[in-house]
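Biologist: Before we discuss any part of this model, please take me through it residue by residue, with the cut-offs behind each term.

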Amino acid sequence: AERRFIREGNDQFRQNHYREAEILYRRALDVNPESEIAQYNEALTRLHLGADNAEANSELMANAVETLQRLVNDSDNPQVAELSAYNLGNVAFTRQDLQNALNFYKQALRLNPSSETARENFRYVQKMIQDQQNQQQDQQKEDQQNQQDQNQQQQDQQDQNKDQQQQQQQQLFLFLCYCCFSSLLYSFLLL
């Protein structure tokens, strides 16, 4: 009975009838609560239901993620553990949690080194992380350059102000000298 419910659930899942598939996987779990395949399939179905239904999204997704994490850590079936890790990587990726996505894909590859999809996703996310780091480094360099430019502009302004001040002092000095000389000359002429 358990296998029949799983097969029927798989048929419904392939037709994108996730609600019906979930019911059938639940029936398989009623027959055998320890069925890791039924647990995995139900979790995967809940991920799809959560993605399709914004209202139920958080509860369905949280339940599915919890089940998948448990299966990754405790499953006796290496394929179930690998696929659970892979799908947790997908969930992390859709949440823009690239580091966790990378870790889950790496875990899936440890469980099944020949998984091409896990390898492709791992490389893709790894490249995205590297690109982000490069962008951050470029932004930091640009920010540093902007700060240096701003500091240089401030220094140039200070130098210009200092030059203007010196020039004004020289003009004042020359004016005072001229005044003194004129007054001296005037007093000399009066004599």
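Biologist: In which helix is Asn87 found?

Modeller: This is a predicted model, in which local features need pLDDT of at least 70 and side-chain atom pairs count only at pLDDT 80 or more, while totals for chains, interfaces and linings use all residues. Residues are numbered from 1 along each chain as its sequence is written, and side-chain values use heavy atoms, with hydrogens and water left out. Helices here are DSSP runs (H or I, at least four residues; strands are E, at least two) numbered from the N terminus, and by that numbering Asn87 belongs to helix H5.

Biologist: Why does Asn87 count as buried?

Modeller: The term buried stands for under 20% relative accessible area, with exposed meaning over 50% and partly exposed in between (1.4 Å probe, protein chains only). Asn87 counts as buried because its relative accessibility is 10%.

Biologist: Which residues does Asn87 touch, not counting those up to four places away in sequence?

Modeller: A contact requires heavy atoms within 4.5 Å. Asn87 and Tyr105 are 8.5 Å apart in space, C-alpha to C-alpha, and 18 residues apart in sequence. With residues up to four places away set aside, the ones that Asn87 touches are Tyr40, Leu44, Leu47 and Leu68.

Biologist: How far does the backbone oxygen of Leu83 lie from a polar atom of the side chain of Asn87?

Modeller: For reference, a polar contact is a pair of N or O atoms within 3.5 Å, where within protein one must be able to donate a hydrogen and the other to accept it, and residues adjacent in sequence count only if both atoms are side-chain atoms. Between the backbone oxygen of Leu83 and a polar atom of the Asn87 side chain, the distance is 2.9 Å.

Biologist: Which residues line the largest pocket?

Modeller: On a 1 Å grid over the protein atoms alone, a pocket is an open set of points with protein on both sides within 12 Å along at least five of seven lines, whereas a cavity is a set where a 1.4 Å probe fits but cannot get out; lining residues have an atom within 4 Å of a point. Helix H3 (36-52) and helix H5 (78-94) each supply at least two residues of this lining. The lining consists of Leu44, Leu47, His48, Ala51, Met61, Asn87, Asn90, Val91 and Thr94.

Biologist: What volume does the largest pocket have?

Modeller: By class (Ala, Val, Leu, Ile, Met, Phe, Trp, Tyr, Cys and Pro count as nonpolar, Asp, Glu, Lys and Arg as charged, and the others, Gly among them, as polar), its lining has five nonpolar, four polar and no charged residues. A volume is the space filled by probe spheres set on the grid points, which are joined across faces, edges and corners. For the largest pocket this comes to about 160 Å³.

Biologist: With which residues is Ser84 in contact, leaving aside its neighbours within four places in sequence?

Modeller: Ser84 lies in helix H5, and it counts as buried because its relative accessibility is 0%. Beyond its neighbours within four places in sequence, Ser84 is in contact with Tyr40, Leu68, Leu71 and Val72.

Biologist: What phi does Asn16 have?

Modeller: Most residues other than glycine have a negative phi. Asn16 is found in the loop between helix H1 (2-14) and helix H2 (18-31), and it counts as exposed at 51% relative accessibility. Although Asn16 is not a glycine, its phi is positive, at about 65 degrees.

Biologist: Is Ser35 buried or exposed?

Modeller: Ser35 lies in the loop between H2 and H3, and it touches Glu2, Ile6 and Leu29 when residues up to four places away in sequence are not counted. With a relative accessible area of 5%, Ser35 is buried.
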